[in-house]
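The structure is shown first.

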Amino acid sequence: MEYLIDALGDFCPIPNLKVQDALSRAQAGDQIMLLTDHSCTVTTIKEEMRRRRLRPKVEEVENGIWQITITVD
């Protein structure tokens, strides 16, 4: 399953809370895709996913807009 989280305009900790909610429902093989325009969110999500031993893929898809893709193991 693929979860798309549109966090454009959301400030920390809202995007992280949305990702945590999706992770609580996700199963192995699912992907969570987060769109954000808040650079602090990118740092926060990367650190949180590393703690969970997940490897997020981060792409700046437009100037100042990032897509973070997390694949659940």
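Helices, here, are DSSP runs of H or I with at least four residues, numbered from the N terminus. The model is predicted.

**Salt bridges**

Helix 1, by that assignment, spans residues 14-25. Arg25 and Asp21 lie four residues apart in helix 1, so about one helical turn separates them. Their side chains meet in a salt bridge, with an N to O distance of 2.9 Å. Arg25 is partly exposed, because its relative accessibility is 46%; Asp21, at 40%, is partly exposed too.

The search of the whole structure finds five salt bridges.

| Pair | N to O distance |
|---|---|
| Asp10 and Lys18 | 2.6 Å |
| Arg25 and Asp21 | 2.9 Å |
| Lys57 and Glu59 | 3.6 Å |

Lys18 has a relative accessibility of 32% and therefore counts as partly exposed. Glu59 is also partly exposed, at 34%. Apart from these pairs, a network of salt bridges links Glu48, Arg51 and Arg52.

**Helix 2**

Helix 2 covers residues 39-51, which makes 13 residues. From first C-alpha to last it reaches 19 Å, close to the 18 Å expected at 1.5 Å a residue. Which residues of helix 2 are buried? They are Thr41, Val42, Ile45, Glu48 and Met49. These residues cover an arc of only 140° around the axis, so they sit on the same side of helix 2. In general, an α-helix has 3.6 residues a turn, so residues three or four places apart point the same way.

The buried residues of helix 2 pack against helix 1, strand 2 (31-36), strand 3 (57-62) and strand 4 (65-71). Just after helix 2, Arg53 takes a positive phi of about 65°.

Thr41 has a place in helix 2. At 1% relative accessibility, Thr41 counts as buried, because the limit for that class is under 20%. Not counting residues up to four places away in sequence, Thr41 touches Cys12, Pro15, Leu34 and Thr36.

**Nonpolar core**

The largest nonpolar core has 17 residues. Which of them touch the most other members? Those are Val19, Leu23, Ile32, Leu34, Ile45, Met49 and Ile70. Strand 1 (2-6), helix 1, strand 2, helix 2 and strand 4 each supply at least two residues of this core. In soluble globular proteins, nonpolar side chains tend to be buried together.

Leaving aside neighbours within four places in sequence, Leu34 is in contact with Ile5, Ala7, Pro15, Val19, Thr41, Ile45, Trp66, Gln67 and Ile68.

**Strands 3 and 4**

How do strand 3 and strand 4 run, parallel or antiparallel? They run antiparallel, and five bridges join them. Within this pairing, Val58 stands opposite Ile68 in strand 4. The two strands form a hairpin with two residues between them. In the turn, Gly64 has a positive phi of about 85°.

Terms used:
Residues are numbered from 1 along each chain as its sequence is written. This is a predicted model: local features need pLDDT of at least 70, side-chain atom pairs count only at pLDDT 80 or more; totals for chains, interfaces and linings use all residues. Side-chain values use heavy atoms; hydrogens and water are left out. A salt bridge is a side-chain nitrogen of Lys or Arg within 4 Å of a carboxyl oxygen of Asp or Glu. Buried means under 20% relative accessible area, exposed over 50%, partly exposed in between (1.4 Å probe, protein chains only). The expected span of a helix is 1.5 Å times one less than its number of residues. The arc is that of the directions from the helix axis to the C-beta atoms. Contact means heavy atoms within 4.5 Å. A nonpolar core is a set of buried Ala, Val, Leu, Ile, Met, Phe, Trp, Tyr and Cys residues joined through side-chain atoms within 4.5 Å. Two strands pair if DSSP finds at least two bridges between them.
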